[in-house]
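Biologist: I would like to go through this structure feature by feature. Please give the general idea each time, and then the case at hand.

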Amino acid sequence: MQLKPRTGFAFSRLSIPLRVAIALPVALILAASVGLQAITQHDNTTRLIDTTSIRIVDALTVTTSNRLANFLEVPFAAQRAVADSIVRYNLYTPGDMQPIYRHIYGTFHNLYQDQTQISVLAFGGENTDFVGIRRKDEHYNLMLKDASTHGDLRIYKEEIPGATAAAYPQYDPRTRPWYAPFAKSGQPGWSDIYANYDEYAEVTISAASPVKQGDKLIGVTVADVKLTDLNKFLREESLRGSGQVAITDAAGLLVAHSGTGSVLADGKGKIARGQRLSLAQSDDPALRAAAPLVAQAPLDKATGFHETFDGRAYSGRVTPYIDTRGLHWRIVTLVPDSDLVGDIRASTRRTTKWIAGFAFAGLLLGLWAIGLVTRPIHRAARAANRLADGDWQTKIDKRSAIRETATLVKAFNTMAQQVKIAFNTMRDQLRLDGLTQLLTRQGLLEEVYWPRPRPAVLCLIGLDGFRAINDNLGYETSNRLLQAIAERMRASLPDSVLLARVGGDEFALIHLEPTTATPEIGAQIQALFATPFTSGGDEIMVGASIGIVEGLLTSEALPEWLRNASVALGEAKRRARMSWVIFEPDMMEQSRELALLTNDLRHALEHEQFLVHYQPVIRMADGQICGVEALARWQSPTRGMVPPAMFIPIAEASDLILTLGGVILHTAARDIAQLQDQLPAGFELHVNVSARQLIQSDFITTLHQALHESGLPPHHLTLELTESVLLEQGGQTVERLREIRALGVKIAIDDFGTGYSSLSYLGNLPFDCLKIDKSFVKNLCDSSQDAAIVAAVLQMAAGFGVTVVAEGVETAAQAQRLQELGCSHAQGYWFGRPGPLAAIKWS
């Protein structure tokens with residue numbers, strides 16, 4: 001039999017169309033690229049979240065701890081100050097608490113009115129006397145037990161005895177938790193948490209100090225902090241966002257938390273009403289869920305954790321807070337990831353979906369025109385991989401013969417640009433200052449993040465007189481000035497220097513591993529402010545003071561470095577304009593001493609401890625007194641006669657100069673007005689006026705009031721302003737001087753020759769007298785240069801038609817030489833030292 005030849009070909013059942021065979025590998029490649037990008041992006045996002053969460057939670061913890069220390073230090077310092085005053089001024093008389101409660105009320109109302117964490121400031125005596133001032137809803141109540149209350153504790157409705165709000169018989173302060181432990185130990189400290197002995201019975205913790213007269217205990221001072229105020233303090237933490245902050249004691253019971261509920265049980269559950277809740281019993285579900293992790297954390301060191309509660313991820317930290325005066329607490333911080341990085345996870349998912357969509361569209365286009373689009377798809381896959389690796393500059397060549405391929409390429413580039421912008425915008429908002437584009441404080445904390453200490457120099461720059469620029473030129477001009485300063489620093493300093501704006505008028509510079517000595521760094525920064533800055537159409541000269549810290553820097557130490565630099569900056573501002581100071585450990589003690597001196601200065605003003613001494617001004621022609629200069633003197637009962645060089649700078653820095661200046665002006669005007677019938681014709685009273693007084697909007701009213709109340713004729717009064725004050729206060733200076741002269745009061749330029757004025761500007765100022773600085777008079781007889789300067793000033797004054805007074809004349813030779821040069825008036829020890837008005841010899 002003959003076989004028939006085959007007429008067909010048997011195809012495999014597994015055969016597929018050519019288009020599918022080609023498209024399938026392409027599809028697999030695209031899917032792999034998109035998947036790799038999604039995984040890589042997810043990993044990068046997770047790392048970014050983890051890193052950011054650690055830094056921000058650490059920053060929240062450090063900030064809360066530092067603020068808590070400051071928050072609690074105020075009541076502690078307040079009651080210590082009361083204790084010192086009771087002993088210093090011998091205020092305690094058993095049975096009569098009136099002097100003490102007047103002092104406590106004055107301290108509370110005048111010094112700590114804005115420190116709302118203090119609810120009670122009180123004193124309990126060893127003979128069961130008790131006096132205190134309680135603040136309730138911005139109202140003060142006197143709490144008193146002494147002979148006048150017949151042994152009962154009475155709480156009055158006002159800060160003085162009157163209508164009674166509550167009364168408690170047989171009250172003994174010595175049995176209270178804030179008294180007995182500290183009376184026994186003899187040391188100040190913090191009490192246990194307890195309920196107040198009044199009609200509100202609020203839960204409180206107290207700062208207490210034993211008060212001793214010699215070696216004898218006479219009582220205990222106390223300042224109360226309510227736990228509800230601690231809750232409010234934690235809620236007001238700006239870095240908290242929607243997170244939670246809690247404080248527990250060593251037993252795990254709540255001291256405070258940032259929620260709205262109480263730390264006490266309300267009696268509705270199994271816990272007795274008024275009993276403190278534990279962290280596991282808190283009203284906040286996140287704190288309850290975190291309680292087991294907090295319980296497992298060691299008591300002696302900080303511990304971080306990251307957990308998910310009720311479907312929400314949190315970053316947390318447990319940090320010991322120990323105050324050697326009796327506090328052994330733990331600060332628990334919980335911040336949701338959504339607060340740390342916003343909706344970055346949702347944005348990542350949307351981006352992934354967009355990428356997948358474009359990949360699918362690319363696959364469809366590939367099936368339609370596989371031959372033409374194979375190469376662009378490969379390019380897209382490679383670009384996607386680079387984008388997944390974080391190469392935000394990735395772009396695909398837009399040239400293509402196929403419209404759909406070009407569209408795909410354009411969409412991919414748009415997507416990459418949007419992702420890049422989204423990530424950069426998010427990071428810039430966290431790290432960069434919107435006005436100057438320098439690092440923020442948070443950005444600086446992120447930059448200083450390395451595992452090992454590095455040599456560094458931190459310079460904290462504070463602008464001198466920036467408030468005056470704001471007041472006189474406006475915020476828009478001052479903002480442009482800040483931008484100009486930032487731009488000059490960027491242009492002049494090496495790229496390795498970290499630049500940040502950490503306050504309204506403060507900049508921080510960190511030189512990493514510096515090759516230049518620290519004094520040279522300070523001088524280089526000062527040189528940046530040697531020439532004026534351009535702010536819009538204005539040329540503004542602004543000085544800067546610098547606080548410097550040097551050593552080995554770690555990220556954990558940066559907040560302390562910034563605090564130390566701020567202390568050094570304050571010291572620089574006190575020493576002189578345009579100076580820099582390197583931080584020394586003893587500056588902290590000096591800072592505390594300065595705070596104590598400021599408090600004593602405020603107390604001195606309240607208790608009229610200031611005197612006015614007068615130094616004669618002599619007419620050289622006949623040697624007669626033609627005027628006096630009023631000078632402030634502080635007679636302190638504890639410090640003795642305090643030199644003006646010590647208290648005047650402090651008064652100017654703390655705004656007390658306004659009160660002090662007003663006291664001197666009113667007192668001197670009254671003293672001279674009482675003697676005006678006995679004084680020679682043309683007699684002038686010279687009173688110094690500070691820059692802070694001059695820029696006050698009500699200064700003219702104050703001046704007019706002093707003249708009116710004293711009866712002193714205006715033409716007998718001369719106000720002395722330093723040359724630098726007249727020139728630094730800007731365009732409002734001339735107008736203010738004209739208002740003063742319109743009253744009939746004269747103007748004298750004090751310390752002339754020590755400033756940096758131009759004669760053209762000086763010619764525009766209305767003034768009546770120049771006072772030659774004593775530095776030129778000191779060497780007048782030995783220095784031809786100083787003699788020439790004095791002669792030039794005398795000639796210039798003659799041209800202006802104003803009087804000249806030479807200051808600091810201490811010898812007959814100096815007086816003779818000044819008379820030869822034609823100086824008409826003089827002042828100094830040779831003619832008379834400052835003293836009481838009654839001690840002046842008028843003839």
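Biologist: Does arginine 454 count as buried, partly exposed or exposed, and at what relative accessibility?

Modeller: One caution before the answer: this is a predicted model. Buried means under 20% relative accessible area and exposed means over 50%. Arginine 454 has 27% relative accessibility, so it counts as partly exposed.

Biologist: With which residue does arginine 454 form a salt bridge?

Modeller: Side chains of opposite charge can pair when their charged atoms come close. Here the partner of arginine 454 is glutamate 513, and the closest N and O atoms are 3.6 Å apart. The two residues come from distant parts of the chain, 59 residues apart: arginine 454 is in strand S15 (residues 454-464), while glutamate 513 is in the loop between strand S17 (506-512) and helix H13 (518-527). Glutamate 513 has a relative accessible area of 47% and is therefore partly exposed. Arginine 454 also lies over the face of tryptophan 450, 4.6 Å from the ring centre.

Biologist: How many salt bridges does the count come to?

Modeller: The count is 23 salt bridges. One of them joins glutamate 202 to lysine 136, with 3.0 Å between the closest N and O atoms. Glutamate 202 is in the loop between strand S7 (194-195) and strand S8 (203-213), and lysine 136 is in strand S2, so the pair ties together parts 66 residues apart in sequence.

Biologist: Are glutamate 202 and lysine 136 buried or exposed?

Modeller: Both are buried. The charged end of lysine 136 also sits over the ring of tyrosine 200, 4.3 Å from the centre of that ring.

Biologist: Which residue forms a salt bridge with arginine 501?

Modeller: Aspartate 433 does, at 3.3 Å between the closest N and O atoms. This pair also links distant parts of the chain, 68 residues apart: arginine 501 belongs to strand S16, and aspartate 433 to the loop between helix H9 (403-431) and helix H10 (441-447). Both arginine 501 and aspartate 433 are buried; for arginine 501 the relative accessibility is 17%.

Biologist: What else surrounds arginine 501?

Modeller: A polar atom of the arginine 501 side chain lies 3.2 Å from the backbone oxygen of glycine 503. Leaving aside residues up to four places away in sequence, arginine 501 touches several residues, including Leu435, Leu438, Leu482, Glu506 and Phe507.

Biologist: How should I read a pair of aromatic rings?

Modeller: A pair of aromatic rings is described by the distance of the centres and the angle of the planes. The count here is 17 aromatic pairs. In one of them, phenylalanine 130 and tryptophan 178 are 5.9 Å apart centre to centre with 45° between the planes, which is a tilted arrangement. Phenylalanine 130 lies in strand S2 (residues 130-136) and tryptophan 178 in the loop between strand S5 (164-168) and helix H3 (180-185), so this pair ties together parts 48 residues apart in sequence. Phenylalanine 130 counts as buried at 5% relative accessibility, and tryptophan 178 counts as buried at 4%.

Biologist: How many helices and strands does the protein have?

Modeller: There are 25 helices and 30 strands. Of the 843 residues, 48% count as buried. Among contacts with a separation of 6 or more, residues 24 or more positions apart account for 61%.

Technical notes: Residues numbered from 1 in each chain as written. Predicted model: local features only at pLDDT ≥ 70, side-chain atom pairs only at ≥ 80, totals over all residues. Heavy atoms only, no water. Buried < 20%, exposed > 50% of the residue type's maximum accessible area, 1.4 Å probe, protein only. Polar contact = N/O pair within 3.5 Å; in protein donor to acceptor, adjacent residues only side chain to side chain. Contact = heavy atoms within 4.5 Å. Phe/Tyr/Trp six-rings, centres within 6.5 Å; stacked < 30°, edge-to-face > 60°. Helix = DSSP H or I, 4+ residues; strand = E, 2+ residues; numbered from the N terminus. Lys NZ or Arg CZ within 6 Å of the ring centre and 35° of its normal. Salt bridge = Lys/Arg side-chain N within 4 Å of Asp/Glu carboxyl O.
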